[in-house]
Amino acid sequence: MAKRVLRVLAGEAVWPPPVWLMRQAGRYLPEYRALRAEAGDFLKLCLNPGMAAEITLQPLRRFGMDAAILFSDLPIVSYGLGQALRYAEGAGPVLPPIRTAADLDALSISGVADKVAPVWETVRRVAADIGDATLIGFSGAPFTVACYMVEGHGSREFVAARGMAYTDPALFARLIDLIVDANLVYLRGQADAGAEVLMLFDSWAGMLPPDEFRTWVIEPTARIAAALQQSHPHVPLIGFPRLAGTMLGEYARGAGMQGVAIDTAMKPEAAADMVPPQIALQGNLDPLALVAGGAPMRRATTKILDALRGRPHIFNLGHGIVPQTAPEHVGALVEQIRAA
Ligand code: CP3
């Protein structure tokens, strides 16, 4: 019998749905904070296979989710291309911004495999230890990775990145192409190391108007999907075009994903209407409902379960777990879904 997450991604409506949570490994868990303190630096943690494998499995040991997501981070692929990456304490990734052709020329695909090799080793170790759960590998989708590479840090607006897409679309396209190629190396290595599913996070996709969304989100994602379909036809893909809104249907039909993750703002019934029925939906509980716990969390969870019942669905949040979440609430959520 195939694993539950894989059955759903093959188009089966499994009831109750399998469950895992974005950022299920992270600062809300004391056992994560302990290893994080031991490593000192977040990037070191991501590149330490022993520690990263342990962190990947921590939430499964506590709560028994149906899947573990590789513990790593989104700009690792930029790091692979040779862009310096560091983490400012309490903030996110910081990189020297790519603004000119010369900045872009300094990056190279040739170093990716060596640089990301520790992450592949993490995948290998988790795969050996994961049992009945499913191991999900991931990377950032090209547009969202480009946002960080051009801006140089997290932002609410990513004005430099979105601006480059208009003022120098040829340069922006070259950057996107490079990220597509780097992602193919990175994701194929994850699949070869034992990742059973691959997920592409496009956290900033929702900032783009429809034409730009097609050009910078759907098209490059579809190229990655087509190439992976050639080399790894048995590894299903989940895409997360966060805040795609009315573009969700086009994304689902055009990006080549077997599963589509939906954010908290998306009405699940609307997603079910827009997305072809054989494509799985994943989502979309508000992480703040998980912080609240109790009746508000139970009500919100029931609504999502009811709305997506009868179609392939993987229960998840609409965005990552926030650090102030009580671990017991995660346990209660998993129990509620199992008892549905
Ligand atoms: O459990 C998991 O989900 C697996 C690991 C994972 C992390 N980041 C660990 C992490 C995954 C899948 C990501 C994806 C990621 N990273 C995204 C896409 C999803 C999303 O949230 O939209 C993005 C945009 C990033 C970039 C990033 N990394 C930011 C903006 C930050 C700072 C915000 C924060 O939560 O601290 C990070 C750091 C980060 N990535 C942490 C973790 C556990 C916290 C680092 C720490 O321990 O100090």
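In the predicted model, R242 lies over the face of W204, at a distance of 5.1 Å from the ring centre. A second contact between a charge and a ring involves R309, whose charged end sits over the ring of W15, 3.8 Å from its centre.

Contacts between aromatic rings were also examined, and the count comes to 10 aromatic pairs. One of them joins F42 and F71: the ring centres are 5.8 Å apart and the planes stand at 85°, so the pair is edge-to-face. An angle over 60 degrees is what places a pair in this class. F42 belongs to helix α3 (residues 42-46), whereas F71 lies in the loop between β1 (67-69) and α5 (76-80), so the contact ties together parts that are 29 residues apart in sequence. Both F42 and F71 are buried. Ring pairs also place these two residues in a cluster with Y32 and Y87.

A further edge-to-face pair is formed by F143 and F172, with 6.3 Å from centre to centre and 70° between the planes. Here the partners come from two helices, F143 from α8 (residues 142-151) and F172 from α10 (residues 169-193), so the pair ties together parts that are 29 residues apart in sequence. F143 has a relative accessibility of 0% and therefore counts as buried. F172 is likewise buried, with a relative accessible area of 0%.

Strand β9 (residues 313-317) is mostly covered, five of its five residues being buried. In a regular strand, side chains alternate between the two faces of the sheet. In β9 both faces are covered: H313, F315 and L317 are buried on one side, and I314 and N316 are buried on the other. Strand β9 pairs in the parallel sense with β8 (residues 280-285), over five bridges. Within this pairing, L317 of β9 is the bridge partner of L285.

Side chains of opposite charge can pair when their charged atoms come close. A search of the whole structure finds 15 salt bridges. Among them is the bridge between E54 and R61, in which the closest N and O atoms are 2.8 Å apart. E54 counts as partly exposed because its relative accessibility is 30%, a value that falls between the limits of under 20% for buried and over 50% for exposed.

Another salt bridge connects R338 with D66, again with the closest N and O atoms 2.8 Å apart. R338 lies in helix α16 (residues 327-338) and D66 in the loop between α4 (49-63) and β1, so this bridge ties together parts that are 272 residues apart in sequence. The two partners fall into separate accessibility classes: R338, at 37% relative accessibility, counts as partly exposed, while D66, at 11%, counts as buried. Salt bridges that share partners join R4, D66 and R338 into one network.

Note on methods
Residues are numbered from 1 along each chain as its sequence is written. This is a predicted model: local features need pLDDT of at least 70, side-chain atom pairs count only at pLDDT 80 or more; totals for chains, interfaces and linings use all residues. Side-chain values use heavy atoms; hydrogens and water are left out. Rings of Phe, Tyr and Trp (its six-membered ring) pair if their centres lie within 6.5 Å; planes under 30 degrees apart count as stacked, over 60 as edge-to-face and the rest as tilted. Helices (H or I, at least four residues) and strands (E, at least two) are DSSP runs, numbered from the N terminus. Buried means under 20% relative accessible area, exposed over 50%, partly exposed in between (1.4 Å probe, protein chains only). A charge sits over a ring if NZ of Lys or CZ of Arg is within 6 Å of the ring centre and within 35 degrees of the ring normal. Two strands pair if DSSP finds at least two bridges between them. A salt bridge is a side-chain nitrogen of Lys or Arg within 4 Å of a carboxyl oxygen of Asp or Glu.
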